[in-house]
Amino acid sequence: MTYNKLLFILGLAGVLTFTDLRVEGQGSMALSIGFATPAGAVIGRPLTPLSYAGVARRTTRRVVTRTATTIAVLPAGCLYGAYYGGYYYRCGSSYYAKSGSVYVQVIVQ
């Protein structure tokens with residue numbers, strides 16, 4: 001085996017190991033390469049055995065971050081509902097979660 005073939009094989013193994021390489025038959029780009037895996041949990045994987053609710057909670061924990069910004073009263077027109085797997089108050093483009101007697105702003109990533 002030549003040195004170039006060994007480098008090619010090691011490079012290909014690295015790409016397949018450390019990237020999220022997908023070949024899909026839809027759209028104009030059938031091949032997509034990403035360097036990060038999605039934040040969504042998978043049913044049946046560790047810590048979520050056959051639990052749809054567990055997957056929803058784990059996914060929400062991965063994509064929602066509480067900030068240090070708190071407000072005592074929500075602005076007018078905020079809607080309470082299910083967003084991104086959790087229940088939050090949506091005020092325009094901001095989301096808030098009730099924590100005790102205040103509302104904490106959360107960031108959905």
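This is a predicted model: local features need pLDDT of at least 70, side-chain atom pairs count only at pLDDT 80 or more; totals for chains, interfaces and linings use all residues.
Residues are numbered from 1 along each chain as its sequence is written, and side-chain values use heavy atoms, with hydrogens and water left out. The protein chain comes to 2 helices and 7 strands, and the structure holds 1 disulfide.

**Confidence**

- The protein chain has a mean pLDDT of 78, with 66% of its residues at 70 or more; pLDDT is the predictor's confidence in each residue, from 0 to 100.

**Overall layout**

- Going along the sequence, you'd read the pattern of the protein chain as α-β-β-α-β-β-β-β-β.
- Helices (H or I, at least four residues) and strands (E, at least two) are DSSP runs, numbered from the N terminus.
- Of the 109 residues in the protein chain, 23% count as buried. Buried means under 20% relative accessible area, exposed means over 50%, and partly exposed is in between (1.4 Å probe, protein chains only).

- Strands β4 (residues 79–83) and β5 (residues 86–91) run antiparallel and are joined by 5 bridges; two strands pair if DSSP finds at least two bridges between them.
- Y83 sits opposite G86 in β5. The hairpin of β4 and β5 has 2 residues between the strands, and Y84 there takes a positive phi near 55°.
- β5 also runs antiparallel to strand β6 (residues 94–99), with 3 bridges joining them.
- C91 has S94 in β6 as its bridge partner. In the hairpin of β5 and β6, again with 2 residues between the strands, G92 takes a positive phi near 70°.

**The disulfide**

- C78 and C91 are joined by a disulfide, S to S 1.9 Å; the cut-off is a pair of cysteine sulfur atoms within 2.5 Å.
- The link of C78 and C91 is right-handed, with 120° about the S-S bond. The pair links distant parts of the chain, 13 residues apart: C78 is in the loop between β3 (64–71) and β4, and C91 is in strand β5.
- Both C78 and C91 are buried.

**Surface patch**

- F8, I9, L12 and L16 make a nonpolar surface patch of about 410 Å².
- Patches are made of residues with over 30% relative accessible area and no salt bridge, with like charges joined within 9 Å and nonpolar side chains (Val, Leu, Ile, Met, Phe, Trp, Tyr) within 5 Å. A salt bridge is a side-chain nitrogen of Lys or Arg within 4 Å of a carboxyl oxygen of Asp or Glu.
- Accessible areas come from the Shrake-Rupley method with a 1.4 Å probe; for residues, only the protein chains shown count as cover.
- F8 lies in helix α1 (residues 3–18) and counts as exposed because its relative accessibility is 58%.

- T70 is in strand β3 and is partly exposed, with a relative accessible area of 46%. The C-alpha atoms of T70 and Q105 are separated by 6.2 Å, though the two are 35 residues apart along the chain.
- Y103 lies in strand β7 (residues 102–108) and is buried, at a relative accessible area of 13%. Between the C-alpha atoms of Y103 and Y89, 14 residues apart along the chain, the separation is 8.9 Å.
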